[in-house]
Amino acid sequence: MVTNSEIAAMLYEFAELTDLEGDVFKRNAYRRAAQSIEELDGDVAEYDREGRLESIPGVGKAIAQKIAEMVETGRSAKLEELRSKFPPGIVELMKVPEIGPRSLVRLHQELGIKDLEDLRQAALQHRIRSLKGFGERSEENILKGIAVVQGQGGRMLLGDALPIAEAIAAHLRAGGCEEVSVAGSLRRRKETIGDIDLLAGSDEPLRAMDRFVSYPRVASVVSRGPTRSTVRLADGTQVDLRVVPRDSYGAALQYFTGSKEHNVVMRRIAIQKGFRLNEYGLHRRDSGEMVAGAQEAEIYRTLGLDPIPPELREGRGEIEAAGEHRLPSLLRLEDIRGDMHVHTVMSDGRATMREIAEAAFRRGYEYIGVTDHSRSLHIAHGLTVDDLLASVEEARQLTDELGFPVLRGAEVDILEDGSLDYPDEALAQLDYVIGSVHSRFKMDRRTMTERVMTALSNRELNILGHPTGRLIGRREGYDIDIEQVMDEAARRGVALEVNGFPDRMDLSDLNCRKAIERGVTLVLDTDAHGVEQLDNMRFAVGTARRGWAERKDVLNALPLDQLRRFFRVAGA
DNA sequence: GCCGTTTTCGGCCCGACTGTTTTCAGTCG
């Protein structure tokens with residue numbers, strides 16, 4: 001069967017190929033349709049069967065026909081025809097920075113370049129400078145671009161990028177910039193980041209730029225102007241700084257936070273209402289008078305919208321919701337009362353139960369849950385039943401001694417047949433149970449779904465840990481019907497985890513939203529293996545916010561007595 | 001290719017920076 005993401009991938013390919021053909025509007029249309037399919041609740045095949053394809057935003061007659069063909073045959077004749085116009089290596093060439101569709105087509109047509117190696121040779125042999133509009137610098141930049149693609153290529157994890165961004169922001173503040181903010185996809189808390197965007201409001205832009213390029217880890221300056229500069233750090237990370245006058249700071253923050261899709265809609269609305277929106281402010285179209293600019297929220301309010309939190313700005317219906325005053329009241333980090341998934345030295349963690357409890361107390365949590373691995377996970381020193389039961393007593397004593405509730409749970413392996421890795425009698429001694437899949441990832445979709453559904457039917461199970469098993473950039477999630485799992489979890493009172501470990505982020509933002517719509521309770525965890533990793537809770541919160549989560553959707557935003565009641569009801 | 005509180009046809013966001021140009025195209029975000 002063709003999945004939604006496979007269809008979306010084909011539509012994205014349509015977009016890239018039509019871009020090469022020279023039609024940016026068609027490209028945008030394909031991209032928009034692809035994005036809609038990615039975010040769709042339910043199978044595209046279902047929409048096709050029911051003749052509802054054209055009800056999907058961005059899908060009209062032509063794309064609906066192509067989708068129908070993809071659903072039925074798994075392919076698209078038109079796509080294959082487009083592909084045949086370009087060499088297969090064109091895909092990797094499109095990833096080279098500095099080379100866009102126009103240049104690429106010319107390099108292909110005029111120099112016969114068909115892959116990365118051809119391009120490198122052409123640059124080294126100085127054949128590119130013979131083309132009109134290209135020169136010596138173009139060849140240098142192309143060689144640099146090739147190095148970037150081959151060097152790291154991939155995107156950074158939010159968890160790696162945010163600390164770097166915050167360090168540079170601190171460097172700017174220390175140099176006299178008063179207003180500095182992280183912007184771009186980092187501010188939206190996207191799980192992976194292409195580059196780091198920073199914004200400064202300053203009436204001395206040149207001084208801010210000097211300070212920026214003097215940051216010790218800057219390896220090279222890619223471009224530099226009075227309002228925008230780009231640098232590359234020693235590890236290859238690209239960082240952009242935009243500097244605007246302070247009375248434009250809010251408009252610039254709005255603009256520079258994105259997403260591109262969100263901004264396109266914002267500007268369209270501005271036009272409809274007789275304004276022009278750019279990074280310097282919101283202006284009346286007729287008189288040019290600036291009506292908003294210093295504060296980000298003003299921009300939204302002046303356009304008749306409630307201010308939209310950065311995490312929602314993905315062009316996923318947030319602007320319509322803001323116009324109708326039905327934006328969610330998003331969960332905040334302060335709403336989280338405890339972390340439910342933390343490992344101790346008993347399995348593969350680095351901190352003792354006491355150290356974790358004390359750290360949790362210092363953070364202002366009202367309780368903490370410690371969860372070590374179960375006996376089958378030898379590689380992580382899973383606990384025997386005896387060790388587990390002994391630690392239940394340790395948690396009790398610690399609770400009494402500290403006057404701070406330490407809950408004893410476990411992260412129990414969901415075995416191949418869907419059973420849990422401890423007998424029910426042992427599980428019943430715990431405060432709660434997380435079930436996770438840690439083995440046999442390559443099962444087919446039906447078997448894997450059955451396996452997890454069986455685990456959900458165990459009355460001792462309270463939380464499904466990292467429900468899709470993906471590791472960002474390293475491993476796809478296992479093949480599972482996650483929507484069926486969500487429905488069953490909602491029905492059985494099992495919470496689904498939003499694991500904030502930077503390479504997991506599992507559930508993802510889109511899955512959070514789907515889960516909430518299906519009535520699932522989320523639980524936000526760090527999966528910390530050391531006390532410093534308790535800080536990862538902000539990533540789980542960011543992901544849940546991107547999934548439109550409110551406090552009421554989240555288990556560990558509840559006070560302890562209600563949390564315990566959730567566990568009792570689920571097990572009843 | 002999509003879409004409609006201006007529109008079923010004619011739009012589709014907007015500005016900074018670079019390189020190769022004597023006025024702008026291409027790329028990026």
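A phosphate oxygen of DNA strand B is placed 2.8 Å from a polar backbone atom of Gly 58, a polar contact in the sense of a pair of N or O atoms within 3.5 Å; within protein, one atom must also be able to donate a hydrogen and the other to accept it, and residues adjacent in sequence count only if both atoms are side-chain atoms. The model is a predicted one, in which local features need pLDDT of at least 70 and side-chain atom pairs count only at pLDDT 80 or more, while totals for chains, interfaces and linings use all residues. Residues are numbered from 1 along each chain as its sequence is written, chains are lettered from A and ligands numbered from 1 in the order in which they are written, and side-chain values use heavy atoms, with hydrogens and water left out.

Further contacts with the DNA involve other parts of the nucleotide. A polar side-chain atom of Thr 227 lies 3.0 Å from a sugar or linking oxygen of DNA strand B. In the case of Tyr 255, an N or O atom of the side chain is found 3.0 Å from a base nitrogen of DNA strand B. Among the atoms of DNA strand B within 4 Å of the protein, 77% belong to sugar or phosphate, and the rest belong to bases.

An open sheet is formed by three strands in the order 8-9-10, with antiparallel pairing. Helices (H or I, at least four residues) and strands (E, at least two) are DSSP runs numbered from the N terminus, and two strands pair if DSSP finds at least two bridges between them. Strands of a sheet pair through backbone hydrogen bonds, either parallel or antiparallel. The edges of the sheet are strand 8 (275–278) and strand 10 (290–292), each of which pairs on one side only. From one strand to the next, the twist averages 35 degrees. Strand 8 is joined by four bridges to strand 9 (residues 281–284), and the two run antiparallel; Gly 281 in strand 9 is the bridge partner of Asn 278. Helix 14 (residues 260–272) packs on this sheet and touches strand 8 and strand 9, its direction making about 155 degrees with that of strand 8. Here axes are lines fitted to C-alpha atoms, for helices over the stretch in contact, and angles run from 0 to 180 degrees between N-to-C directions; contact means heavy atoms within 4.5 Å.

The count of salt bridges comes to 51, a salt bridge being a side-chain nitrogen of Lys or Arg within 4 Å of a carboxyl oxygen of Asp or Glu. One of them links Glu 117 to Arg 120, with the closest N and O atoms 3.2 Å apart. Both residues lie in helix 8 (residues 116–124), three residues apart, about one turn of the helix. Glu 117 is partly exposed at a relative accessible area of 38%, and Arg 120 is also partly exposed, at 24%; buried means under 20%, exposed over 50% and partly exposed in between (1.4 Å probe, protein chains only).

Another salt bridge connects Asp 509 with Arg 546, the closest N and O atoms being 3.0 Å apart. Asp 509 lies in helix 22 (residues 509–517) and Arg 546 in helix 23, so the pair ties together parts that are 37 residues apart in sequence. Asp 509 is buried, with a relative accessible area of 11%, and Arg 546 is buried at 3%. Salt bridges that share partners join Asp 509 and Arg 546 with Glu 39, Arg 188, Glu 314 and Arg 316 into one network.

Helix 23 also contains Arg 545, which counts as buried at 15% relative accessibility. Leaving aside residues up to four places away in sequence, Arg 545 touches Pro 309, Glu 311, Leu 312, Leu 330, Leu 331 and Arg 332. Its side chain makes a polar contact of 2.8 Å with the side chain of Glu 311.

Thr 257, placed in helix 13 (residues 249–257), is buried at 1% relative accessibility. Beyond its neighbours within four places in sequence, Thr 257 is in contact with residues including Ala 183, Gly 184, Arg 188 and Glu 296.

How values were computed: Near = heavy atom within 4 Å.
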